[in-house]
Amino acid sequence: MRTHCPRLGDWHCAALACGIGLALGACPVGCADVIVLANRTAAPISARFVPVSGAAQILTLDAGETAPVFLDGKAKVTFTSNGALKSYALDANCAYFFGRSPAGRIDLQKIGLGEDGTATDGRHLPGSASGARNVMIPVKILVDEEEPSRQAVWERRLRGRVAAASAILERYCGVGFQVVAIGTWKSDNAITDFFDSLAEFERKVDPSPARLAIGFTSQWQMVHGRTHMAGTRGPLHSHILVREGSPEIDEPERLEFLVHELGHYLGAAHSPEPQSVMRPVLGDNRAGRSDFRIQFDPVNALAIAMVGEEMRRANVRNVSQLKYATRRRLEQIYRELARAIPDDPAAAHYAMLMHTSETPLAAATRQVVQQIMRAAVENRALPPTGIVGSTERVRREGDALTEYYVRAAARTANALPVDVARQSFLLGLAIGLDNADTIARLPGMAEAVRSIEQPSQRTVRLTVLGEPTLRGRADLARHFFTFAYMGATAGPNAARDASLKQELASASRPEGFSFKFIAADMAGIRFGQGVASGQVSLGSIARQFGIASFMPEIAALPEGMGLNDLRQRYGKVNDPRFEKQLQAIDERLVLLPGYRATP
């Protein structure tokens, strides 16, 4: 069985070594900076590690092992290679590995992670290298009503699993997890989409008195092939949902799934290294081998150690509280991971979350666009057609695909700060469902769109997006969502004038004037007004958005009219015949259930 986990952007990954059996002397965890060392040779390596502030240490790394060393500032490392002494200066908040050259000599190599000097001299955090202790994150564990075991049985099993995962993570970053509460919740058996179930869990479960709620659901029967086993929405998010799986998945694999998700909680993204717990596809039968150990790759070991330091020394509880230097360095790390696995949106999403110079609206819109891309990846993984009589889900297309994306975008936007939630939803749809740079061509929007979605990210999105349509047409969908955003930001009158001006200009071009496009624009404007005013709530859209409620049937409306044909049949814009046609479209909109409460 091959499985993978979703995340506010999570798909495929792997990592290197790290079972920390090294002798670190008395180096305390909880320091301001970290240097990660990995041994990629087949034999143990010993080295003398001398921080600029603090005592020297002798480090011993087993073959294939990765370990963080906590300190304040830079350091120097010395080791022996073929009888000769080698010495290197090490930058703070960077990762290195020992390897053998073709000639058999051991040497040290820096892992390039896009550093620009922001954090290589060290970060300024409260306290000192000798002051901080491990932090324990209080956890609430829950099962749903499908759990077959008695409470005493499942509680003992899950407490043990959390404790085992905590011990692994404490070695890497000084942050552990402690169960302080237990509970249950009732999951909806009608929900078959993992992200919908995660949203339901978030809605129904309050983590208090803990900081993190981990739900273990037994709702689904497991199937062969790739499926989501666990998920959360990003670093320091308050909820994690885990599928308990089937008898085919044993306890070592379940522990690996949990460590993977807790790694995401602490800032780990997906890695291309096949031995890492952060590889995107787990459940590959490795966990059952006698020589297997759960380990982080050096890049993610660096990321979670940097986040862990801020949790220990500054008591941060969300991404926005991280210091500028930390966010900047993490953004660089995630961008390098994104380049290493370009088809996986997890690292790119994390880089966006850490972006340090943007407006709250841009940051929020980026999350909406990323959710659309995650939904696209999820949809693309489904089979294009189903077997007759089977209940297995198949790939969505056309109008159903649009409805799927809109509901996914609404779920994400509904969890964003209220001052940016509605506008980020509308702008995110205008960007995320567009394949023709429509929004970017609007005055003053090109740079804003680029700040939300880089060209390389757009290329990946378009590869997996498919063709979402409105009333069977992709061009109508572009019109609808572009004018929904315009109607909410520029106002209905200005947006309506822009629509008419655009179509009148088209009358002089080969495509001609289209009342179908006018109808899609007017419907979009009304939709944008309803969302912006709150009369069409994000919650209702997330639950039951349907195109038929917001876009009228328009098959009979004329289109493709040249300028002469348009004037002959409808006159100019102020002609009663033209106005009558616009009024007829308005009357269709008013009758739609989605707009009955909107102006």
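## Packing of α7 and α8

Helix α7 (residues 360–380) packs on helix α8 (residues 398–414) at an angle of about 135 degrees, their axes being 9 Å apart. That angle makes α7 oblique to α8; angles under 35 degrees count as roughly parallel, over 145 as roughly antiparallel, 65 to 115 as roughly perpendicular and the rest as oblique. Axes are lines fitted to C-alpha atoms, for helices over the stretch in contact, and angles run from 0 to 180 degrees between N-to-C directions.

On the α7 side the contact (heavy atoms within 4.5 Å) is made by Q367, V368, Q371, I372, R374, A375, A376, E378 and N379. On α8 the residues are L401, Y404, Y405, A408, A409, R411, T412 and A413.

## Basis of the model

This is a predicted model: local features need pLDDT of at least 70, side-chain atom pairs count only at pLDDT 80 or more, and totals for chains, interfaces and linings use all residues. Residues are numbered from 1 along each chain as its sequence is written, and side-chain values use heavy atoms, with hydrogens and water left out.

## The chain as a whole

The protein chain has 18 helices and 15 strands, which are DSSP runs (helices H or I, at least four residues; strands E, at least two) numbered from the N terminus. Of its 599 residues, 58% are buried, meaning under 20% relative accessible area with a 1.4 Å probe, protein chains only.

## Residue E155

E155 lies in helix α1 (residues 151–173) and is buried, because its relative accessible area is 18%. V143 is 12 residues from E155 in sequence and 9.1 Å away in space, C-alpha to C-alpha.

Technical notes. Buried means under 20% relative accessible area, exposed over 50%, partly exposed in between (1.4 Å probe, protein chains only).
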